[in-house]
Amino acid sequence: MNNHKFLITNISQLLLCSSDKGRPLRGKKQSQLELMENAALLIEGDKILDFGDNSHFKKLYGEVEKIDAEFSVVMPGFVDPHTHLVFAGSREEEFLSRIKGEDYLSNLGKGKGILYTVEQTRNASFEKLYEQAKKYLYKMLENGTTSCESKSGYGLDFDAEIRTLQINRKLQNDMQVLVPSTLLAAHALPQEYQGDAQSFLTFIAEKIIPYVAENNLADFIDVFCEKGVFNAAQSEWILKQGQRYGMKPKIHTDEFFSIGGIEVAINTKAVSADHLMKTTQNDMIKLSSTDIIGVVLPGTSFNISTTSNDEYKYPRSLVDSNIPVAIGTDFNPGTCMCCSMQMMLELSVLKMGLSIEEAINASTINSAFACSLHQQAGSIEREKKANMILLNIDNYKKIPYLWGINKVYKVLLNGKILDFKND
Ligand code: NIG
Ligand code: FE
């Protein structure tokens, strides 16, 4: 057992990102960022043992090994609650056409979009997919992400969906990053089922879900509830099939059209409802009386050219409607190839109306709730995993000020120090 003990000293600001007594932060509370100035943090093995006043702790733990934070900001590692990490191929032509105005949804039917990536992913070996996902996960880690949810959804057949979920499990095991795994077989209708969505969903329910459950390959089940993809009734049906086997529901909804996905999220007691760019005022009111986390994906919003300036403000409306908001990257080959949570947080502050305090809580403790990691990750708490990051700034308000560059210079992953030497 690793019982290496050390004290991180001279922390200028220790961002605690505490929950609201075990619940996600919402409304006014989302803007309250708990922090300690001039702090020190004691680690033992892979756990946070204690934290407190810098000079007091230096005396109290005089004999213990010290790591000097040189008056930098220390905070919990980012929790990315929404990624499509495992895929093959790339789609830069489509991306550039969309910036010029091409419609995202109309691509789906033309063998482009998601289905292009499906073809590439089906043809890729386990090793190839694993190596690429590992490379991106390492980039995420360098940028401060120590937990990263990962969805399937580019296989859409038995073998490739299972391969993706096995890769999720192997990544967590090999990299030590927490990787909650999500079955998103209902991400699009594959060519071989065109015109027959119910048969495809039945196939997922009868063949994929039982195998996934038996082999413990997924923690969550997700669906793309969208006009021209899966409607609300189909989405609810497939989420309930997964739920019967112990997977917790999540939903992609309200990205382009509001077609009843919020109702589905509520009916299935989903853990999170993600994208939420077209959510109606009425649906926001309904969501606010639940514990469902609203996940916003700033990178994707920016890359979908139809998004008008008003829609950029939807994260603000969600917080103002008393919905606990989390931020994710949505890392995927179609709509967001940026895997940096720092960048997402910065976009949400620079352009989407969140305050820096709201955005930090949204990318740590609230995003931990969005993928059920709140007991282990997302805040600095005694007994939680020692997953945290050291940033080369003396004050957290410099995060959006120094936007677009990586400010993480050390990552603590399960109590082990990874040095990235950014200065
Ligand atoms: O979350 N919206 C659906 N799925 C992904 C994009 C997938 C793709 O275009 O490859 C998303 O943005
Ligand atoms: Fe997504």
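## Inside and between the domains

Tutor: The protein chain divides into domain 1 (5-76 + 379-419) and domain 2 (79-370); these bounds come from an automatic or database domain assignment. This is a predicted model, in which local features need pLDDT of at least 70 and side-chain atom pairs count only at pLDDT 80 or more, while totals for chains, interfaces and linings use all residues. Residues are numbered from 1 along each chain as its sequence is written, chains are lettered from A and ligands numbered from 1 in the order in which they are written, and side-chain values use heavy atoms, with hydrogens and water left out.

Start with the boundary. The C-alpha centres of domain 1 and domain 2 are 29 Å apart. Across the boundary, 38 residues of domain 1 are in contact with 35 residues of domain 2; contact means heavy atoms within 4.5 Å. The two domains bury about 2,900 Å² between them, 62% of it on carbon and sulfur atoms. Buried area is the accessible area (1.4 Å probe) that two parts lose on being put together, summed over both. On the domain 1 side, Pro24, Arg26 and Gln30 lose the most area to domain 2, together 24% of what that side buries.

Take Pro24 from that trio. Proline 24 sits in the loop between strand S1 (5-15) and strand S2 (35-44). Helices (H or I, at least four residues) and strands (E, at least two) are DSSP runs, numbered from the N terminus. With 7% relative accessibility, proline 24 counts as buried. Buried means under 20% relative accessible area, exposed over 50%, and partly exposed in between (1.4 Å probe, protein chains only). Not counting residues up to four places away in sequence, proline 24 touches Ile293, Pro324, Asn366 and Phe369.

Now go to the core. A nonpolar core is a set of buried Ala, Val, Leu, Ile, Met, Phe, Trp, Tyr and Cys residues joined through side-chain atoms within 4.5 Å. In soluble globular proteins, nonpolar side chains tend to be buried together. Here the largest nonpolar core has 100 residues; Leu85, Leu137 and Phe230 are among those with the most contacts inside it. Helix H7 (residues 197-214) gives the largest share, nine residues. Both domain 1 and domain 2 give residues to this core, so it lies between them. Another core, of 19 residues, lies apart from it; among its members are Ile8, Ala69, Ala386 and Leu412.

Look at Leu137 next. Leaving aside neighbours within four places in sequence, leucine 137 is in contact with Leu85, Cys148, Leu171, Met175, Val177 and Val179.

What about the rings? Rings of Phe, Tyr and Trp (its six-membered ring) pair if their centres lie within 6.5 Å; planes under 30 degrees apart count as stacked, over 60 as edge-to-face and the rest as tilted. The count by this rule is eleven aromatic pairs. One stacked pair is phenylalanine 87 with tyrosine 136, at 6.3 Å centre to centre and 25° between the planes. This pair links distant parts of the chain, 49 residues apart: phenylalanine 87 is in the loop between strand S5 (78-80) and helix H2 (92-99), and tyrosine 136 is in helix H5 (residues 126-142). Phenylalanine 87 counts as buried at 2% relative accessibility. Tyrosine 136 is buried too, at 14%. Phe87, Tyr136, Tyr154 and Phe331 form one aromatic cluster.

Tyrosine 136 also has a charge over its face: lysine 135, at 5.1 Å from the ring centre. The rule asks for NZ of Lys or CZ of Arg within 6 Å of the ring centre and within 35 degrees of the ring normal. Lysine 170 lies over the face of tyrosine 130 in this way, at 4.9 Å from the ring centre.

Finish with two buried threonines. Threonine 182 is in strand S8 (residues 181-186). Its relative accessible area is 0%, so threonine 182 is buried. Beyond four places in sequence, threonine 182 touches residues including Glu149, Lys151, Asp222 and Lys250. Threonine 253 lies in strand S10 (residues 248-253). Threonine 253 is buried as well, with a relative accessible area of 0%. Leaving aside neighbours within four places in sequence, its contacts include Cys225, Asp274 and His275.
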